[in-house]
Amino acid sequence: MPRVELKGVTVRYGRKIALDNIDIKIKSGDYAIVAGPTGAGKTTLLKAICGLVPLVKGRIIVNGEDITEVPPEKRGIGYLPQGYALFPHLDVWGNVTFGPTSRGWDKSDVEVIARRILNMVGLIERADAYPHELSGGMAQRVALGRAIASGADLILLDEPLSALDVMLRMILRYEIKKMAKALNLTVIHVTHDQEEAMSIGDRIFLLRKGRVLEEGSPEELFKSPENPFTAYFIGESNFFIGYADNGVVRIDDLELRSTSRLRGEVLVAIRTRRVKIFMGKGETLNSIRARVEEIRFFGKVTKLLLNVNGLRIISEMPTLKIRGLKQGEIVFISIDPMDVLLYELETLEEYPEIKEVIMNS
Amino acid sequence: MNLLIRDGEYLAVIGPSGCGKSTLLKIISGILEPDEGDVLVDGKSILGKPPEERNIGFIFQDLALFPHMNGFENAGYGLKVRGLSEKEAYQRILEFAKEFGFDIGFNKLPDEMSSGEQQQVALLRAIAYGAKILLLDEPLSAIDRKVSEEAREKLRKIVKSKDLTAIHVTHNQEEAMAVADRIAVMRKGRFIQVGTPEELYYQPNTPFVMTFVGDASFLVGRTERGRVVVRGGYEIGSSNLPEGELLVVGIRPENVIFGKGIPGKIRLKSYLGALVRYEIELANGDVIIAITEEEFEEKEVKVWFSDYKLFRYPEEGLSEAISPG
């Protein structure tokens with residue numbers, strides 16, 4: 001039995017459809033990510049589950065129980081909205097322990113959990129500070145701690161890390177995930193950050209214009225996205241227009257083998273991390289000659305702009321494997337036919353974002 | 001603070017919130033006067049010159065577009081202040097927009113524009129009148145990750161094609177690496193290290209720089225008979241630091257090799273897209289991060305390190321020394 005189920009959920013703001021017939025199921029104990037660009041309906045989805053926006057139609061079922069008509073305060077859901085607010089008259093400790101205390105938890109249990117959570121967000125030493133004494137980033141961390149410690153076992157988090165410095169964001173995202181698993185929480189976490197989505201989601205629901213375009217594990221969405229927008233939004237891809245026939249796709253003068261059976265004019269997507277460069281090994285089977293036009297160092301990975309017969313392809317490689325490579329050098333690249341993803345060309349009309357990538361390359 | 005920025009250089013200034021990054025830009029632009037010291041452009045002091053005479057373009061974190069002016073009026077503001085007619089100013093703006101490949105609804109007011117359009121208008125306003133120096137204060141932090149990744153590529157191209165000298169403040173190290181020729185790392189009002197992305201990554205001068213530019217895990221150890229020995233008695237390699245001294249070993253996640261060495265347990269496995277991140281609790285209780293292309297199903301592993309950096313143990317303690325703020 002899924003922990004959370006949405007059946008045909010539709011929400012309108014005036015004439016605008018914010019959520020369009022959403023069907024999703026989230027398993028108990030899963031860390032679910034709702035990802036997508038601004039305006040996709042991510043926040044509305046959380047509000048619908050909490051009961052903060054009226055549904056035009058659809059049902060919301062939690063633990064097998066239909067809660068569509070249950071008032072928000074009786075749903076027993078922990079919610080961290082984007083514009084969170086702390087109780088100004090309570091100190092950090094009071095804020096974090098408020099939920100479980102008011103739910104009548106045992107005092108010693110409340111203390112153990114509050115300590116653990118304040119340690120996680122790095123504010124155990126500020127437990128007696130009041131909200132007005134904290135920086136914005138600290139207040140955000142307290143609000144996050146309060147949501148996780150709310151005593152509810154279904155937690156909704158709306159961009160819980162976006163107000164924080166990147167470094168803190170990177171540390172905290174893994175801490176939240178571990179904490180959620182340790183406390184056996186079911187979490188629905190909204191983010192526009194695809195890297196955050198991939199790195200901590202057990203399952204990702206990709207939203208665009210009020211619809212779920214695709215759902216899957218991070219690995220599934222990375223390796224075999226069924227929708228080209230997924231290839232665009234989750235991870236990074238090269239996009240081309242090509243002509244496919246008999247398992248071979250032709251892009252200008254370049255021919256690539258593909259496992260896709262699509263034929264005719266197609267939209268081609270190739271993950272930048274799946275364009276592999278071989279140094280100093282010379283030509284191997286299926287390898288393609290390329291000239292390195294630009295090298296951009298990002299620490300553990302390096303991004304390379306390659307010129308393949310006039311076609312510009314971006315490759316992202318672990319830096320250790322290409323150290324010493326210079327601009328202007330000739331290298332050999334290979335792309336697994338599994339990684340040459342083909343889509344109907346008409347889909348391009350739905351996604352101007354992808355069109356722009358093709359035009360800019 | 002002393003720093004020389006070369007003509008045509010793209011410098012990124014990174015550091016945690018409150019380290020003084022924005023104050024630095026305010027001083028260069030003339031919004032703030034320094035208590036001591038001087039600011040020179042092309043060898044001449046600009047102290048005392050009002051901001052509008054410094055010929056420096058500024059893009060603010062919140063963009064600060066004039067809400068009652070449309071795209072044209074905002075972008076052409078600097079040109080009109082300098083005496084161009086409305087027609088000439090708009091002509092110039094359109095030429096720039098075309099050159100940069102911008103697609104802006106110029107007749108819209110700022111709150112009718114997308115965040116990307118607002119960004120582009122702010123950039124035009126900052127440079128269209130001929131500024132040779134461009135200051136950017138967290139210009140991409142308010143927009144979606146995907147959009148900002150595309151915008152930063154464009155930003156670098158424009159700065160380079162117009163031969164501008166740019167100083168770009170951000171808390172995001174990846175953004176800094178994407179745009180900059182050199183990066184200055186700031187902390188608590190000081191420059192800790194200035195260098196190319198590669199220099200900072202391969203020769204960090206402190207544990208802080210090592211963790212702020214790229215990821216790193218740290219172990220505490222000592223030099224014993226010329227070898228680095230970490231907690232639990234594990235020997236991990238040779239040391240060039242004095243015998244017996246407490247030291248910090250910084251390890252990049254890609255330098256963690258699986259197969260032999262210190263036993264540990266995988267506590268968290270995360271997919272990063274063709275790369276996998278492992279959080280490993282070592283038998284001595286320390287935690288390290290590994291990132292590799294290989295996939296492991298087993299929970300018990302052994303790890304060693306193909307490379308590491310050694311630092312003297314910091315006086316303020318390790319956790320304070322690497323604290324993001």
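What is the strand order of the open sheet of five strands in chain A? The order is E13-E12-E11-E14-E20, and the pairing is antiparallel. The points below take this sheet and its surroundings in turn.

1. Basis. This is a predicted model, in which local features need pLDDT of at least 70 and side-chain atom pairs count only at pLDDT 80 or more, while totals for chains, interfaces and linings use all residues. Residues are numbered from 1 along each chain as its sequence is written, and chains are lettered from A and ligands numbered from 1 in the order in which they are written.

2. Chain A overall. The secondary structure comes to 10 helices and 20 strands. Helices (H or I, at least four residues) and strands (E, at least two) are DSSP runs, numbered from the N terminus. The C-alpha trace of chain A spans about 70 × 45 × 35 Å along its principal axes. Of the 361 residues in chain A, 43% are buried. A residue is buried if 20 or more other C-beta atoms lie within 10 Å of its own, exposed if 12 or fewer, and partly exposed in between, with C-beta atoms placed from the backbone. Take the contacts in chain A between residues at least 6 apart in sequence: 66% join residues at least 24 apart. Contact here requires C-beta atoms, placed from the backbone, to lie within 7 Å.

3. Domains. Chain A is assigned domain 1 (4–221) and domain 2 (236–360). Their centres, taken over C-alpha atoms, are separated by 37 Å. Chain B is assigned domain 1 (10–206) and domain 2 (215–321). Here 39 Å separate the centres, again over C-alpha atoms. Domain bounds come from an automatic or database domain assignment.

4. Strand E11 (237–245) and strand E14 (264–271) of chain A pair in the antiparallel sense over eight bridges. Two strands pair if DSSP finds at least two bridges between them. A:Tyr243 stands opposite A:Glu265 in E14(A).

5. The five-stranded sheet of chain B. Which strands make it up, and in what order? The order is E11-E10-E9-E12-E17, in an open sheet with antiparallel pairing. E11 and strand E17 (309–312) of chain B are the edge strands, each with a single partner, so one side of each is left without a neighbour in the sheet. Neighbouring strands are turned by 40° against each other on average, direction ignored. Strand E9 (217–224) of chain B pairs with E12(B) in the antiparallel sense over six bridges. B:Ser217 has B:Ile251 in E12(B) as its bridge partner.

6. B:Ser239. Is B:Ser239 buried or exposed? B:Ser239 counts as buried, because 21 C-beta neighbours lie inside 10 Å. The residue sits in the loop between strand E11 (234–238) and strand E12 (246–251) of chain B. Leaving aside residues up to four places away in sequence, B:Ser239 touches B:Thr223, B:Gly226, B:Arg227, B:Val228 and B:Leu310. B:Lys309 is 70 residues from B:Ser239 in sequence and 9.7 Å from it in space, C-alpha to C-alpha.

7. Strand E9 of chain A. Five of the six residues of E9(A) (203–208) are buried, so the strand is largely enclosed by the rest of the structure. Strand E3 (31–35) of chain A pairs with E9(A) in the parallel sense over four bridges. A:Ala32 has A:Arg203 as its bridge partner. E9(A) also pairs with strand E10 (211–216) of chain A, in the antiparallel sense over five bridges. A:Ile204 stands opposite A:Gly216 there. E9(A) and E10(A) form a hairpin with two residues between them, and A:Lys209 in the turn has a positive phi of about 50°.

8. The A–B contact. The contact takes 32 residues from chain A and 31 residues from chain B. On the side of chain A, the elements that give two or more residues are helix H5 (166–182), helix H6 (194–200), helix H7 (218–223) and strand E16 (288–298). H5(A) gives the most, with six residues.

Conventions. Two residues are in contact if their C-beta atoms, placed from the backbone, lie within 7 Å. Axes are lines fitted to C-alpha atoms, for helices over the stretch in contact, and angles run from 0 to 180 degrees between N-to-C directions.
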